[in-house]
Each structure stands twice: as C-alpha cells, then as structure tokens.
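Please look at the sequence and the 3D structure below before reading on. The report that follows is meant to be read with both in view.

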Amino acid sequence: MSRKDRSRGLLVSPIKNGTVIDHITAGEALNVLRILGITGSTQECLSIATNVESKRMGKKDIVKIENRELRTEEVDRIALLAPQAKINIIRDYRVVEKKGVEIPKILKGVVRCPNPGCITNTNEPVESTFEVLPKGLHCLYCDWLIKDDIANHII
Amino acid sequence: MYHIISIRDFGRRDLDYLLDRAREFDAGECRSATLDDKLVALLFFEPSTRTRMSFATAMARLGGRSIGVDSVEASSIVKGETLADTIRVVSGYVDAIVLRHPKEGAARLASEFASVPVINAGDGAGQHPSQTLLDLYTIRQSMPIDGIDVGLLGDLRYGRTAHSLALALSLYGVTLHTIAPGGLEMPANIALELRERGMEVVEHSDVQEAIRELDVLYVTRIQRERFPDSASYYNVASSYRIAPDLLAGVKDHLMILHPLPRAGEIDPAVDRTPYARYFEQARNGVPIRMALLHEVMK
C-alpha cells in the first residue's frame with residue numbers, strides 16, 4: 001500500500017472469495033443489491049461503498065459480496081441501473097474473472113409492469129416480460145413502455 | 001401454430017394477404033374452403049355483440065360449429081381458476097379459441113398456454129386485430145389504402161381500435177390526422193412510434209379544421225366514464241359530434257367509419273348520406289373473421 005493510500009485508509013477490505021461489483025453508477029448500489037435479491041435478511045457478508053471518488057466516473061459505488069459468484073443472468077440485470085459496472089470474480093484474494101455487463105434483449109421477471117390492467121399483474125402463472133429498446137422497456141404483454149425510473153419498477 | 005394476437009405482429013404482406021382472402025370469402029370464391037369438421041371456442045369474458053356474433057356467424061358460414069362462455073359469471077373464473085388453466089382445458093375440447101378478456105395481454109398469455117390457435121377478440125384497452133382488419137378491408141373496398149388521408153376522431157387515449165388502426169395504416173404511407181378532446185389525445189409513445197415508422201401525424205383540435213382534407217374519417221366513442229362529471233362529458237361530446245352540416249365541402253368519396261356502438265358521436269341524419277359506411281363496416285366483420293378462422297384452422 002502506498003503512503004497516499006495509507007493516509008486515506010481503506011474504505012472496504014479485500015475479500016477472499018466472492019464478487020466485487022465496481023464502477024456502479026453513483027447512488028445505485030442499494031438498487032443493485034435489490035436486483036440481486038440481497039436484503040437485510042439474506043446471509044451474504046456485504047461491503048458497500050457509495051459516492052467513492054473515481055477518475056473515470058467522478059463518483060461511483062462499489063459492492064463486495066463474499067462467498068457468492070454472480071451468474072451471468074444476475075450480472076446482466078445490473079446493467080439496467082449501472083451500464084458501466086464491472087464485475088470481478090475473486091478466488092483466494094485474486095481476480096480470476098473480470099467482465100462488463102450487457103443489457104439483455106429480454107427481461108423476464110425483473111421489472112413489474114406499471115400498467116394495472118396488464119395480465120402480468122394478476123394471479124396468472126406468468127412472469128413479466130419486457131424487451132429492451134433504445135427508448136425504454138416494452139412490455140410484451142400489454143405494450144406498455146417504461147421510459148424512465150426503471151429502478152422503481154424492479155421486482 | 002398460427003395465433004392472431006396483435007396487429008404489431010403483422011407486416012404489410014400479411015395484412016394484404018388476409019384482406020385478399022376476406023375478399024375471396026366475401027365474393028363466394030372459396031366455397032371449397034370449409035371448416036365443417038372444426039369446432040371453435042368463443043371465450044368472451046367481457047360484453048360483446050358484434051364481435052361475438054360475427055365470429056359465430058363466420059364459423060357457421062364456413063360450416064363449422066362454435067361453443068363458448070359469455071361472461072365471467074358463467075365460467076370457472078369465478079371459482080378462482082386462472083385464465084391459463086381455462087385455456088389449457090378448453091384447448092383439449094376445440095380446434096381454435098377466440099378470446100375476449102378485460103386484461104391487456106390476455107391473448108398473448110393464452111397463446112402461450114394453448115395447444116390450439118388463439119385469436120384475440122379484444123384484450124382490455126389493448127389489441128383488437130380483427131377489428132383493424134375489417135377497418136382496412138372496408139377502406140380498401142372503396143379506395144387503395146396507400147397514401148390516403150385518414151382522420152381519427154374521439155378518444156385516442158384509451159381507444160384500442162384507434163391505436164391498432166393507426167399502427168396498421170403506418171404500413172400504407174397514410175397521413176394520419178388526429179382530432180381528440182383535451183386529455184384524450186393519442187399517447188405520446190404511440191404518436192412517436194407512428195412517426196418512427198415513417199408516418200406523418202398531424203394533430204388537430206377541431207374536426208372542421210381537418211375534415212375537407214380527409215379520405216376517411218374514423219370516429220370512436222368518447223366514454224362517459226373518462227370525465228369527472230356529466231356536464232364536462234356533454235360539453236366535449238357535443239363539440240365532437242358529426243352532423244350533416246359539418247360535411248359541407250368534404251371530398252365526394254369521404255368515408256365515415258365507426259367501430260360501433262356509437263353513443264351520439266354521429267347524428268343519425270348522417271346515416272342517410274353517402275359518406276356513412278359504418279354499417280357496411282360492421283357487416284365486413286364476417287368475411288374478415290372467416291378469413292382469420294380459416295387461416296388458423298386450415
């Protein structure tokens with residue numbers, strides 16, 4: 001550790017095994033955890049840093065999840081909120097895999113349709129399904145378009 | 001398997017093909033194309049007169065038979081059965097399902113659980129593709145659809161027929177004139193989608209401003225429940241009423257269409273003018289639905 005690093009201290013300590021999600025859009029860390037289904041009642045050991053200085057982004061959030069390696073479909077959901085996020089898979093303190101996130105073409109069971117008249121908001125055995133378009137998320141059942149505030153619609 | 005769910009699923013060639021087939025059925029040129037060993041389920045979980053009767057008529061004209069339910073009260077839905085289960089069960093009885101349901105996307109869901117073709121006969125404020133096809137068919141009986149000026153008048157915010165028709169017309173290089181009361185304008189995302197599809201969309205606040213430019217005037221019902229009180233409803237409804245005096249100076253071939261039922265949007269005196277084509281339009285539901293039923297079950 002350099003002298004400069006010492007003077008600032010370590011915000012979060014390294015993890016032995018698990019996943020580090022870096023370059024999350026500032027302020028979105030808690031929403032990222034929500035997407036991953038990680039709540040206060042789950043078992044994972046978490047470290048969260050928000051509004052950390054970043055050369056590239058100005059400010060960013062970081063999330064470290066111990067003993068859990070994220071699967072591709074989980075990672076891609078994050079892209080909705082944090083398209084620049086970088087995923088680092090850690091084993092024995094080493095980064096064994098580093099990947100960006102990619103917004104999937106179809107989101108199934110990730111976002112709730114805001115249209116109260118949509119069939120996916122009933123007791124039918126069906127998951128909400130949205131196609132990801134440049135102008136927003138398009139419900140494949142009722143054609144509703146979510147243009148902004150996507151985090152608020154995440155299930 | 002061929003489902004008919006949304007007008008968005010159709011390209012120009014698909015629409016033209018179905019319109020051609022309907023014309024052949026209409027002209028009696030398809031006498032050998034029958035469905036005499038077929039059975040269709042008409043599942044109508046919302047009130048309907050024209051759509052239900054014209055599907056039943058179309059099936060009977062093709063020599064087939066239909067069974068069905070007319071309301072939620074008469075079905076297992078009241079016992080808490082899901083639509084998905086109803087569809088799976090009914091799929092075992094019939095060769096095709098025609099579905100009307102109050103929830104948007106119900107027909108898409110039904111197509112995922114059905115083992116027979118599903119035809120959407122209206123899903124809430126969503127899609128009603130057979131209505132759009134009969135609208136196009138009625139226009140094409142009188143003029144080529146390409147490049148004409150079509151006015152959409154009335155409730156363009158919630159009116160599903162207006163949205164579906166506009167999307168279909170965008171495939172024909174039509175100029176669309178929208179004429180809607182404040183608060184019932186076409187949703188911005190639909191207007192944007194139409195423009196992205198290359199359609200010219202011109203907004204008007206007054207029907208008089210646009211009517212002389214039009215080849216087709218498509219009138220939709222302004223629903224009373226969209227207004228806070230009866231006075232504001234009557235104010236708006238009366239200013240959007242089509243009466244004979246409004247028709248002075250219109251194009252000779254102007255067609256006035258309406259998906260019906262009407263609730264005062266068109267003065268009955270207009271019925272006697274050559275422009276009134278809405279009863280012919282309703283009648284065209286039969287050949288269109290014959291073409292659709294035959295297409296999914298042939």
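Predicted model: local features only at pLDDT ≥ 70, side-chain atom pairs only at ≥ 80, totals over all residues.

Residues are numbered from 1 along each chain as its sequence is written, and chains are lettered from A and ligands numbered from 1 in the order in which they are written.

**Chain A**

Chain A has three helices and nine strands, where helices (H or I, at least four residues) and strands (E, at least two) are DSSP runs numbered from the N terminus. Read along the sequence, these elements of chain A follow the pattern α-β-α-β-β-α-β-β-β-β-β-β. The C-alpha trace of chain A spans about 60 × 30 × 25 Å along its principal axes. Of the 155 residues in chain A, 30% are buried; a residue is called buried if 20 or more other C-beta atoms lie within 10 Å of its own, exposed if 12 or fewer do, and partly exposed in between, with C-beta atoms placed from the backbone.

Chain A is divided into domain 1 (15-100) and domain 2 (106-153), with bounds that come from an automatic or database domain assignment. The centres of these two domains of chain A, taken over C-alpha atoms, are separated by 25 Å.

| Strands | Sense | Bridges | Facing residues |
|---|---|---|---|
| β2(A) (residues 46-54) and β3(A) | antiparallel | seven bridges | S47(A) and K64(A) |
| β7(A) (residues 129-133) and β8(A) (residues 136-139) | antiparallel | four bridges | E131(A) and H138(A) |

A hairpin through three residues joins β2(A) to β3(A). Further along chain A, an open sheet of four strands has the order β6-β7-β8-β9, with antiparallel pairing. Its edge strands are β6 (106-108) and β9 (145-146) of chain A, each of which pairs on one side only.

**Chain B**

In chain B, four strands form an open sheet with parallel pairing, in the order β2-β1-β3-β4. The edge strands of this sheet, each pairing on one side only, are β2 (65-69) and β4 (118-123) of chain B. Neighbouring strands of the sheet are turned against each other by 15 degrees on average, direction ignored. Helix α3 (residues 83-91) of chain B packs on the sheet, where it touches β1 and β3 (96-101) of chain B, and its direction makes about 155 degrees with that of β3(B). Helix α11 (residues 285-297) of chain B also packs on the sheet, touching β1, β3 and β4 of chain B, and makes about 130 degrees with the direction of β3(B). Such axes are lines fitted to C-alpha atoms, for helices over the stretch in contact, and the angles run from 0 to 180 degrees between N-to-C directions.

The largest nonpolar core has 103 residues, of which I97(B), V98(B), A110(B), I256(B) and L293(B) touch the most other members. A nonpolar core is a set of buried Ala, Val, Leu, Ile, Met, Phe, Trp, Tyr and Cys residues joined through C-beta atoms within 7 Å. The element that gives the most to this core is α11(B), with eight residues.

The domain assignment of chain B gives domain 1 (7-127 + 285-297) and domain 2 (130-282), and their C-alpha centres lie 26 Å apart. Their contact takes 17 residues from domain 1 of chain B and 15 residues from domain 2 of chain B, where two residues are in contact if their C-beta atoms, placed from the backbone, lie within 7 Å.

**Where the chains touch**

Between the chains, the contact takes 15 residues from chain A and 13 residues from chain B. The side of chain A that touches chain B has eight nonpolar, five polar and two charged residues. In this classification, Ala, Val, Leu, Ile, Met, Phe, Trp, Tyr, Cys and Pro count as nonpolar, Asp, Glu, Lys and Arg as charged, and the others, Gly among them, as polar.

Notes:
Pairing = 2+ DSSP bridges.
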